Amino acid sequence: MENKRVFQYDFMRVIFMLMVLGVHVLANTRQFIQEYNTTWYLFYILSDLFLIGNPLFFMLSGKFNLDKNFSEPEDYKKFYKKRAISILIPFVIIGSLIYVIKNFYNLSIIDYITKMFNGQVEGTYWFVYSLIGILIFSPFFSKMFKNMSDFEKKLFLGIDFVINAIIVIFATFELPLALKFKTVAFAFWHLYYFSGYLIEDIFKTKKSRNIVIILGILSFAIQLFIRRFVNYHYVLTDPSPLLTLETFALYFILLDKIKIDSEKLQKIISYLAQYSFIFYLLHMIVVRNVCTLFELNISSTHNAIYAIAIFILSFIITLAISIIMQKIIIKPIQKFFEKTKSEAR
């Protein structure tokens, strides 16, 4: 049973790889679509669906990083070292590579360091900075959650959900509000990170999970209606109540509803999942170059075909580069630091 559950999470990681790639492929192609034609509706339906991958990523991160035991000082040390090796090393290596590619004729160490600290090397790296910030406090949240009753977990997540809802409602109608995402401790992407650890304990029964799935599907329909007919002033795909319910629904669909029995397919999916983080870091620069190769100044009637071709080619190239970099560059460096730290002890 345990292997089955682990595979389901690997399956989620691969789905997110496809979703995050799809978001950026569509972002580079939908500008040529005629507004409100059939292709426009298709692109925005897919875009809103794929954007659920962002909170799903944070949910999976919270699921595994908060499910740790921290009883001894060594536990904290081990946690931080392991996260530094698994996240910072790929981030710095690939971030440096992208900086060199972008600034080949105007390289500057100071400029590089400044851009890395300011999150300007690659715009899609916002999730790394958010993740690092959350990970720093994860051991303390882990201890807190493990000592909570089921009622307290529900109350905590409910309060977090309501706070986000209030912020979104006020922002949508451009009303003044002292509460902001940056000033509320548990708001913004923390909600999904915490949810990843709490959600399976809160929604234990099949009935409750089915209700969540239904609410998520309804939320997705409402979001599409608002996008088409309402002049709103807030990005619905930010941590809104609609996105939260959609994310919870997709989480339970992937966890409970989709079963893959083929051992060969399970092995392939689990293999691909190993490269998900590096895939996230690399995919955007690949998409940009593939889009340039395809020269996207095309008629809207062919845009869907080009988008599919760009998606497939970008996935293959990004995956290939991810595997090569992991095996040849990143893994050896990680092993070196692991060995060095072990010898130091």
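Tutor: One term before we start: helices here are DSSP runs of H or I with at least four residues, numbered from the N terminus. Also, this is a predicted model.

Student: OK. Where is Asn-164, then?

Tutor: Asn-164 sits in helix α7, which covers residues 150-172.

Student: Is Asn-164 buried or exposed?

Tutor: Buried. The relative accessible area of Asn-164 is 1%, and buried means under 20%.

Student: What does the side chain of Asn-164 reach?

Tutor: The backbone oxygen of Asp-160, at 2.8 Å.

Student: Switching topic. How many salt bridges does the structure hold?

Tutor: Nine salt bridges. In one of them, Asp-48 pairs with Arg-227, and the closest N and O atoms are 2.5 Å apart.

Student: Which residue forms a salt bridge with Asp-150?

Tutor: Lys-204, with the closest N and O atoms 3.0 Å apart. Asp-150 belongs to helix α7 and Lys-204 to the loop between α8 (190-202) and α9, so this pair links parts that are 54 residues apart in sequence. Asp-150 is partly exposed, at 35% relative accessibility.

Student: What about networks: which residues do salt bridges with shared partners join?

Tutor: Lys-102, Glu-122 and Arg-288 are joined into one network. Within it, the salt bridge between Lys-102 and Glu-122 has its closest N and O atoms 3.4 Å apart. Lys-102 lies in helix α4 (residues 73-102) and Glu-122 in the loop between α5 (109-118) and α6 (126-146), so the parts tied together are 20 residues apart in sequence.

Student: Is Glu-122 buried or exposed?

Tutor: Glu-122 is buried, with a relative accessible area of 1%. Lys-102 counts as partly exposed, at 43%.

Student: Last one. Where is Lys-259?

Tutor: In the loop between α10 (241-257) and α11 (263-273). The side chain of Lys-259 reaches the backbone oxygen of Leu-255 at 3.2 Å. The C-alpha atoms of Lys-259 and Phe-11 are separated by 9.8 Å, with the two residues 248 residues apart along the chain.

Definitions and conventions: Residues numbered from 1 in each chain as written. Predicted model: local features only at pLDDT ≥ 70, side-chain atom pairs only at ≥ 80, totals over all residues. Heavy atoms only, no water. Helix = DSSP H or I, 4+ residues; strand = E, 2+ residues; numbered from the N terminus. Buried < 20%, exposed > 50% of the residue type's maximum accessible area, 1.4 Å probe, protein only. Polar contact = N/O pair within 3.5 Å; in protein donor to acceptor, adjacent residues only side chain to side chain. Salt bridge = Lys/Arg side-chain N within 4 Å of Asp/Glu carboxyl O.
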